[in-house]
Amino acid sequence: MGETQHSREDNVPQDMVTRFQDNYRDRAIAADAIFYYVYGLLHSPGYKTRFASDLKKMLPRLPLVESPDDFSRFSEAGQALAELHVGYEDVEGWPLTIRSLGTDLRSVPDQAGQCYRVHKMRFGGSFKAPDKTVIRYNDHLTVEGIPLEACQYVVNGKSAIEWIMDRYQVTQHPDSKIVNDPNEWSDDPRYILELLQKVVTVSMRTVEIVSTLPELDISE
């Protein structure tokens, strides 16, 4: 059998590329730049506010910003965001403070794996007044020093940090009784803890990039 041949197909149709090129009078605009423009636009606080009602009931409208410079800024920010979000596992974890509760992990290396096991992570503070700078990782560990700004990166109504807390918990299906244990998803006992640190980094960088986006300037 011969080798399988692969070819790249852009998801941005040529007529859309032509529309952008004509609008900004720039034949160098490519499909990738438009894709990243859209990704940047969807992260714009101004866009989310202006089209809030539409986003709840229909496919999002994707307007053209007025100036070529703003198009470039949205596209460049969108590329930075896309690369960050796709490569989230490769970023350096945020330097959080990991505190042990009654267990010196360095003195019991044979038990360290158990000390890093997660059942259900919770924020510090109380249910009515959570302290989102602290996560009670398990009965042995607390994670401190989470910047509150990290919680500004919200995906589908919930911060990325909260998605990790919800996703990485032990659950049991009520009917089949099958247990879903995220501690078994990696041979590295610190995997979940380090992933949490990386998501904090991604959240902080996302907030930083979003803050550089230009004001939304579009014609009706």
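Trainee: How do β1 and β4 pair?
Mentor: Strand β1 (residues 97-100) and strand β4 (residues 141-144) run antiparallel, over four bridges. Strands here are DSSP runs of E, at least two residues; helices are runs of H or I, at least four, and both are numbered from the N terminus. Two strands pair if DSSP finds at least two bridges between them.

Trainee: Before I go on, what am I looking at?
Mentor: A predicted model, where local features need pLDDT of at least 70, side-chain atom pairs count only at pLDDT 80 or more, and totals for chains, interfaces and linings use all residues. Residues are numbered from 1 along each chain as its sequence is written, and side-chain values use heavy atoms, leaving out hydrogens and water.

Trainee: Back to β4. Which residue there is the bridge partner of Ile-98?
Mentor: Val-143.

Trainee: And how do β3 and β4 pair?
Mentor: Antiparallel too, over three bridges. Val-134 has Glu-144 in β4 as its bridge partner. β3 and β4 form a hairpin, with four residues between them.

Trainee: New topic. Which residues of α7 are buried?
Mentor: In α7 (residues 160-167), Ala-160, Ile-161, Ile-164 and Met-165. Buried means under 20% relative accessible area, exposed over 50%, partly exposed in between (1.4 Å probe, protein chains only).

Trainee: Where do they sit around the axis?
Mentor: They cover an arc of only 145°, so they are on the same side of α7. The arc is taken from the directions from the helix axis to the C-beta atoms.

Trainee: What do they pack against?
Mentor: β2 (122-125), β3 (130-136), β6 (158-159) and α8 (191-210).

Trainee: How many aromatic pairs are there?
Mentor: The count is 10. The rule takes rings of Phe, Tyr and Trp (its six-membered ring) with centres within 6.5 Å; planes under 30 degrees apart are stacked, over 60 edge-to-face, the rest tilted.

Trainee: Why is the pair of Phe-20 and Tyr-37 edge-to-face?
Mentor: Because the planes are at 70°, with the ring centres 5.6 Å apart. The pair links distant parts of the chain: Phe-20 is in helix α1 (residues 14-24) and Tyr-37 in helix α2 (residues 31-42), 17 residues apart.

Trainee: Is Phe-20 buried or exposed?
Mentor: Buried, because its relative accessibility is 4%. Tyr-37 counts as buried as well, at 0%.

Trainee: Which residues form the aromatic cluster?
Mentor: Phe-20, Tyr-24, Tyr-37, Phe-71 and Phe-74 form one cluster.

How values were computed. Contact means heavy atoms within 4.5 Å.
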